[in-house]
Amino acid sequence: MQNDAVLTMRGICKSFPGTKALDHVDFTLRKGEIHALMGENGAGKSTLIKVLTGVYEKDSGSIQMEGIQGDAHIHSPQDAQKAGISTVYQEITLCPNLTVAENMFIGRTASAFVHWKDYEKRTDGILQSLGIPARAKQELSRCSLAVQQMVAIARAVDMQCKVLILDEPTSSLDEKEVAMLFDLMRDLKNRGVGIVFVTHFLEQVYEVSDRITVLRNGELVGEYPAAALPQVELVAKMMGKDLNELEDLAQVGQKSLGSRETLYEAQGLSSTESRPFDFVIRQGEVNGFTGLLGSGRSESVRAIFGADRVTGGRIKIKGKPVRITRPHDAMKHGIGYLPEDRKRDGIIADLSVRENIILAMQVMKGFFHPMSRSQMEKFADEYIQALKIKTASQDTPIRSLSGGNQQKVILARWLLTHPDYLILDEPTRGIDVGTKLEIQKLVLKLAEENMSVTFISSEIEEMLRVCSRLIVMRDRKIVGELTGNELTQSQVMKTIAGGEL
Amino acid sequence: MTTVSRAKAEKHREPLTDAQLLMTISICIFAAMYAMAMLLMGGGFRKAQMVFDLLNDNAYLIIIACALTVVMIGGGINISVGGVIGLTVMACAIFLNSSGVENGPISVTLTLLLALGIGLAFGILQGFLVSYLEIQPFIVTLAGMFLARGLTTMLSVNPVKVSSQEFLSIVQTKILIPWLGYTAKNGNLIPAKMEIGALVALVTVIFMYLFLRYARLGRHIYALGGNQQSALMLGINVRRTRFLSYMISGLLSGLAGFVFLMHKPAGNASVAMRSEMDAIAASIIGGTLLTGGMGNVIGTFFGTMILATIQKIIALSPLNQSWWQEMANGALLGFFIMLQSIVLSSRGKKLRLPAWLKISHQKTD
Amino acid sequence: MHGKKKWYASLGQLLIPLVAMALLILFNLLRDPGFFSIGLATNSSGNRVLTGNIISIIDSASELAIISMGMTLVTAACGGQDISVGAVGAISGAVFVKVLQAMGSISVGSVLLGLLLCCLATILFKLFNGTLVAVFHIQPMIATLILYSCGRSIAYWINGDATPQLNSPIISTIGMTLPGIPVPTPIFAVILVGLLLVLVFRLTTTQLYTQTVGINQGAARLNGIHPTAVKLLSFALLGVCVSVAAVTGVCRLGQLNHKTLLADIEMDAILAVAIGGNSLGGGRFRLSGSILGAYIIQMLTTTLYAMNVAPVNVKAYKAVVIIIIVIAGSPVVKSKLTALWAKFRTGKSDSIRRKEAD
């Protein structure tokens, strides 16, 4: 254990059925530093944090804390709090219906009565000393998200935490609020608190972090001083330049440039979640939106499908102007959409594989034309075989399938509707390599059959393998478009990072 | 309020919270309604005695409305309160008739303990099933209601009148408030009369207000209803808190039963029939959300008074029909429900399903 | 759970209600083998009818069975319950009687017209509830509390403060038995509504949509389903069920009593849904479960009557049985029992392992 280390994690392993989420990961946090924990989806950041905060039990490895002899035993969130580890999650874990003061003190006091005056005085003191623009008597739900987050941090600080974990704290904050949060973080750092900072925003990492630890596929890539790691290199490390483990391009298939005819065209399309943008896709083309998480790539395709409330823009399909304001419109015009969050937006957890497969097809057929049982079984069988979906039977509820197979079911759902244009948002997230390749091959095959596909993935190799055109986004804006020779890893990373090599 | 704190309050004047806003609206509506009744109906409404009559007649309802408010703040529901009142009244009446006469004041105390015990037993049983076995509170308390009603008729199918003189003398006891009285036509001063039950109800409201505001457990109940997940993360023992909220509501139902008996000293199978829905309505009108986390017994008190005043107005008006009464209740409830919906949606919040209705953890709205 | 598929797994949610039903039957057989005897008797209107406990159970559970079907749909789509079914049922009956009185004579035609109009009126009232729930996002129990508290008054008002009598052979035919058929007519009402719903499920996608919306409203929308419309539809279908149940109830007595018609049926209907293994939080449902639940409740009641329990005391016993059933179905209890069983089976090897680790 290093002298100034407040937390040392060594050889942490954690497996879930089917995947190894953490494979001998080391992590060291020093006193009074801001340490960024970086990695794309599935890299193991959140698993590492959950092990640290006692939400998950580690399979093996050791955790040592300053001031605790031997291994720190962390088996529950309460244990973690007692050991001095506090976490502030992206979603606020305070009670919105209580006042700021109460949120600071509830659940911590032994006294059977609430001493409001005392709490409020102390809270005002803490808020003032940390420069948090809130009042003790304010109802928490009246505060902005940024302030709520700061209150959560203040609570952690007041509980004398030694390690503060901030999990994506800035994803729902605007620039001003981020600046406020960073001031607070620097202040805490000077007080000797070790801060673990998890974020997807590169600029923010460099703004506050002292050191950076990068994880990829559950393994430690390395620990670097922030000053010694250029932004582009960080992106490269997060994405992984190593292509050997995956088969190369030729084996997946030929990329499709598509025909000359434009299938879908949007001008100034915007929704409640995305800024106005222009977008075109040709028939049989595979293109992709790339950028880090939170760059607006998902929000853009959601706007195309009408998943969020569309606020403006003109859309043409095959040259004809159309109106797409809700998913049903998009479906009628031959667009399919596989959502990013499979669990939340994709699967109907309690329904069977069969029902999940035929759902979109059934909606297309209409309310008064239900499919017969035999029809459903035929379609389901066909796609279970075609996509090699591993399931005990058609009647199995989809929630008991593995992630990859769930994803294939959703894919089957849209393929069954024979769309002209298919949007796949992170279709390969959290699924095994074999299935990933299958899905990539499938996409190219579909493009050969003249289907247009928009493909989004956090893994650049994958995008490079299947897309003939990449639209690069940063900070909710389209910042570049790459085709042909420009489609190299370094070029993409350069564009994403927005810096020079 | 001292001058100093008032100055301070002005400096950091906090806007009304949703719950306070809803409560304020219901207080204003009560005041307006009562003022209208004074103007248009005259007569009884101009006498202070009317307020006390409302309190006397609805003391038990005030108490069970408080019981409902507590569980509703915690995000639960309890529809067994009316049944528990029925059972308590019957059990106490039989108990008083059987042994009480010679025991004097002790019998009254024992009766009170019996009433509280029955309520507590129901609270503990239901609380255990809801919080530790995670069974839907609606079903648990529905079964509780059936059980209580069934036990009531098992005790006696026929009405049981209390004959204990000790107890009847308590029933007769009225608290006289001369300065709120009025002068009758013959010149005699008739003081305002309040029953002991009404006083108990008022004390309960104040006590529950203090409990919910200043007791740690009370605040934990709010946290639980606000966001169960967060409450857990903040280090609150969610299960125990929920269990205790049901226990409190059971205890209050028992107390309400005793108060009912002090108002009408007779057990009957149909005592307090459907009063659970009136109590829920009173809580909602007073600004308590079924989704939990918001509410206040002061609001509930005024909610009950609004329902009681409407009843009285209709009873004294030419529209004296039970169906007018119920329709007025329905319209009133509809108005307040829409009001809540509008107030909450204007704040960008939707009335979400309470946690207890969500069985599968994957469901999100 | 990777082993062979257990024989009872295919029953799924029906397992517990079926076991409950079987236990009730077994209990009755042991108690009194004559409980299930069926006889043939001549009733007041001169029809030969079947008599016996079984027939009376199936007969008197009819209204409950019909309403619990509708309640299942609303529960599945909205994740909440409509507690105004009894009160709206009274309105429904009032409309039915009002129409018959307005027509003057009671004929088959006027009864059908009455049924149609009362069905329409009921659907309207249910859509009022549905709008509050689906459009204004008010929690179902609260939204339906409005009509719960004033529905019966509206019924009373419709009929001008009276409890009108309907004296006609047609009415008693619907309420009791059809000439020449020895089975009580209300049973046919259940079959009729059941068939109607099956037809709806066959001809439309209601079943799939309802479950989808109940399980994951957001995902349903992303697949082109309109959640608001689906919820409104479930309330409309509940309206149909309520009106048929109300007409059956009115005809059974030959009179309309706004206070007792379908009294307390909302509670029993919700229970039937829960006992049938359906989640009160919405999502997947099985109508057969709820129907089974309705008959379990009625069978329980009849059994208690047969044991000479006074009708007024039945509720207490009912409560105890219900609690036992819901405890048996509680996920916490299930997982605890499973864990206990697993511990019991592996207990030995586990303790050895622990010793080794030490």
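This is a predicted model: local features need pLDDT of at least 70, side-chain atom pairs count only at pLDDT 80 or more; totals for chains, interfaces and linings use all residues.

Visitor: Core first. Which residues touch the most other members of the largest nonpolar core?

Guide: A:Val151, B:Ile63, B:Ile64 and C:Cys241 do. That core holds 374 residues.

Visitor: And which helix gives the most to this core?

Guide: Helix α3 of chain B, residues 48-73, with 17 residues.

Visitor: What is B:Ile63 in contact with, sequence neighbours within four places aside?

Guide: B:Ala201, B:Thr204, B:Leu252, B:Leu255, B:Ala256 and B:Val259.

Visitor: Switching to strands. How many residues of β2 in chain B are buried?

Guide: The count is 0 among its 10 residues. Strand β2(B), residues 174-183, is hardly covered.

Visitor: How does β2(B) run against β3(B), parallel or antiparallel?

Guide: Antiparallel, with 6 bridges joining β2(B) to β3(B), residues 189-195. For one pairing, take B:Tyr182: its bridge partner in β3(B) is B:Ile190.

Visitor: What about the turn of that hairpin?

Guide: There are 5 residues between the two strands. B:Gly187 sits in the turn and has a positive phi of about 95°.

Visitor: Now chain A. Where does A:Ala72 lie?

Guide: In the loop between β4 (60-65) and α2 (77-83) of chain A.

Visitor: Why does A:Ala72 count as buried?

Guide: Because it has 23 C-beta neighbours inside 10 Å, and 20 or more is the cut-off for buried.

Visitor: Who are its contacts, beyond four places in sequence?

Guide: A:Ile63, A:Gln64, A:Met65 and A:Ala83. There's also A:Leu7, 65 residues away along the chain from A:Ala72. The C-alpha atoms of A:Leu7 and A:Ala72 are separated by 9.8 Å.

Visitor: On to interfaces. How many residues does the contact of chains B and C take from each?

Guide: 43 residues from chain B and 49 residues from chain C. On the chain B side, α6 (137-155), α12 (275-285) and α14 (322-346) each supply at least two residues. α6(B) gives the most there, with 11 residues.

Visitor: How does that side of chain B divide by residue type?

Guide: Into 25 nonpolar, 11 polar and 7 charged.

Visitor: And how many residues are in the contact of chain C with chain A?

Guide: That contact takes 18 residues from chain C and 21 residues from chain A. On chain C, α8 (185-203), α9 (206-215) and α10 (217-222) each supply at least two residues. The chain C side divides into 6 nonpolar, 9 polar and 3 charged.

Technical notes: Residues are numbered from 1 along each chain as its sequence is written. Chains are lettered from A and ligands numbered from 1 in the order in which they are written. Two residues are in contact if their C-beta atoms, placed from the backbone, lie within 7 Å. Helices (H or I, at least four residues) and strands (E, at least two) are DSSP runs, numbered from the N terminus. Ala, Val, Leu, Ile, Met, Phe, Trp, Tyr, Cys and Pro count as nonpolar, Asp, Glu, Lys and Arg as charged, and the others, Gly among them, as polar. A residue is buried if 20 or more other C-beta atoms lie within 10 Å of its own, exposed if 12 or fewer, and partly exposed in between; C-beta atoms are placed from the backbone. A nonpolar core is a set of buried Ala, Val, Leu, Ile, Met, Phe, Trp, Tyr and Cys residues joined through C-beta atoms within 7 Å. Two strands pair if DSSP finds at least two bridges between them.
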